[in-house]
Amino acid sequence: MSNAAVVGLQWGDEGKGKIIDMLSRHADIIVRYQGGANAGHTIVVGNKKMVLHLIPSGILHENKYCVIGNGVVLDPSVFDEEVRDLKEQGYMKDDEKLLVSAQTHLIMPYHKKLDSLREAGMTKKIGTTGRGIGPAYEDRASRIGIRVVDLLDKKTFAEKVRENLKVKNFLIKRYYKQEPLKVRDVIADYAQYRPLLKKYVEDTSLFINEKMRAGKSVLFEGAQGTLLDIDHGSYPFVTSSNTVVGHSACGSGVSPSSIGYVLGICKAYTTRVGEGPFPTEVFGAQGDLIREKGGEYGATTGRPRRCGWFDAVVARRAVMLNGATGLAIMKLDVLDGFETIDVCVKYKVGRKAYSQPPLALHDLSKCEPVYESLEGWKGSVKDVRSYDELPDGAKKYLRRIEELVGVPISIISTGAERDSTIVLRNPFSG
Ligand code: IMP
């Protein structure tokens, strides 16, 4: 048995969907363990582009178990839509292959409403996806959250909705001066999802552990990226879950010793959506060029992503936090045609240099990148499938990233297609 985890080393959108889809071939079970429909994992199969927000990206393969773990916050309307879409497109032929943890917390309509109202009212906005993620995790921590298992029991569900809406509606009506939600509407709305979720609900922790004991292999699918981690990211401009790989154990109910190979995913450059510090952000024509060449628009919200150069300070920190065994460098082809490519090797504030990101936001916001300028390469790496065929300049760039970050590159992606990939080391081959 060998297991592997895929985790983002930047601010999300690193291209995890493609790699998870690719590695799913080698795994028996694929588990999402945190986040919710704020994620947007894009997979290109032939001329079709699929974006999955909630269901693990392994679902496009037959005969794989896909699990939504207890650490996820699940929006039943998105789940419903995704199941329908996948079935319409000929996937998910076997319902038994998709499992949802009974302990997964639900995103409720008041979570989405409060997420948007709070964002609209903030002077310093976070730039959330508006999917109710923060409020749902808050309720989980406050022990007033509603789990999938609670929805399955009509009486428990109704009691919890009634109790929660007392306080939520007070906020919505009195503080935000908006229309309150009606208890009966919320109950009726969610009743439609009961039969659907009943079909998939399971004690997924037990399921995964039993399968592992029987020698099956697991792929842990991270969402967002390390710099969006609630503890280790650029707080408060982060998401509301732990995105680091340590949480894959907790969010799926397995021992940390099960994780195995940790594949850290980063783009050959950096992007960020939403607000918050981003030291290597490039403004003007060059930033626009990266955005256009890379199609850098949010898969969930459609927002243009902020773009910039590869930041080795951030990547080094993320490698440390995740104990990454190897790297996957994504979208190398986007850097085709650049005469020079900058890599941030450290930060400075005045005369003070930083080799690690400072932890205080006001310090990080002041950091200026110190760049090393590498020569670009002639020709294109687009769709190249073997390392030897890469131009020398591209090889040099990759080697420099390895040196700066301190772990070897296992996978290089040279295009959106499944096959536009160079695999130097397969995480599942031990
Ligand atoms: P939330 O997760 O919707 O609360 O948003 C908090 C921050 O995380 C915002 O800056 C979002 O843009 C960012 N974020 C959340 N999910 C993703 C993702 O999947 N990719 C990139 N950024 C994300």
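1. A polar contact here is a pair of N or O atoms within 3.5 Å. The model is a predicted one, and the distances below should be read with that in view.

2. Which residues of the protein make such contacts with the ligand through their side chains? Asn38 places a polar side-chain atom 2.9 Å from a ligand oxygen. For Thr129, the distance from a polar side-chain atom to an oxygen of the ligand is 2.6 Å. Both values fall within the 3.5 Å cut-off.

3. The backbone also takes part. A backbone N or O atom of Val273 is 3.3 Å from an oxygen atom of the ligand. On its own the ligand has 470 Å² of accessible area, and the protein covers 97% of that.

4. There are 15 residues around the ligand, and those that come nearest are Asp13, Asn38, Thr129, Thr239 and Arg303. By class, the shell holds six nonpolar, seven polar and two charged residues.

5. The chain is split into three parts: domain 1 covers 4–101 + 201–262, domain 2 covers 106–194 and domain 3 covers 266–423. Domain 1 is therefore given as two segments, with domain 2 lying between them in the numbering. Taken over C-alpha atoms, the centres of domain 1 and domain 2 are 24 Å apart. Their contact draws 23 residues from domain 1 and 16 residues from domain 2.

6. The size of an interface is often given as the accessible area lost when the parts come together. Between domain 1 and domain 2 the buried area is about 1600 Å², with 67% of it from carbon and sulfur atoms. On the domain 1 side, Val73, Pro76 and Phe237 supply 31% of the area buried against domain 2, more than any other three residues.

7. What polar links cross this interface? Five residue pairs are in polar contact between domain 1 and domain 2, both members at pLDDT 80 or more. The salt bridge count between these two domains is one. Asp75 forms a salt bridge with Lys112, and their closest N and O atoms are 2.8 Å apart.

Key. Residues numbered from 1 in each chain as written. Predicted model: local features only at pLDDT ≥ 70, side-chain atom pairs only at ≥ 80, totals over all residues. Heavy atoms only, no water. Near = heavy atom within 4 Å. Polar contact = N/O pair within 3.5 Å; in protein donor to acceptor, adjacent residues only side chain to side chain. Areas by Shrake-Rupley, 256 points an atom, 1.4 Å probe, with all protein chains shown as cover. Nonpolar A, V, L, I, M, F, W, Y, C, P; charged D, E, K, R; others polar. Contact = heavy atoms within 4.5 Å. Buried area = accessible area lost by both parts, 1.4 Å probe. Salt bridge = Lys/Arg side-chain N within 4 Å of Asp/Glu carboxyl O.
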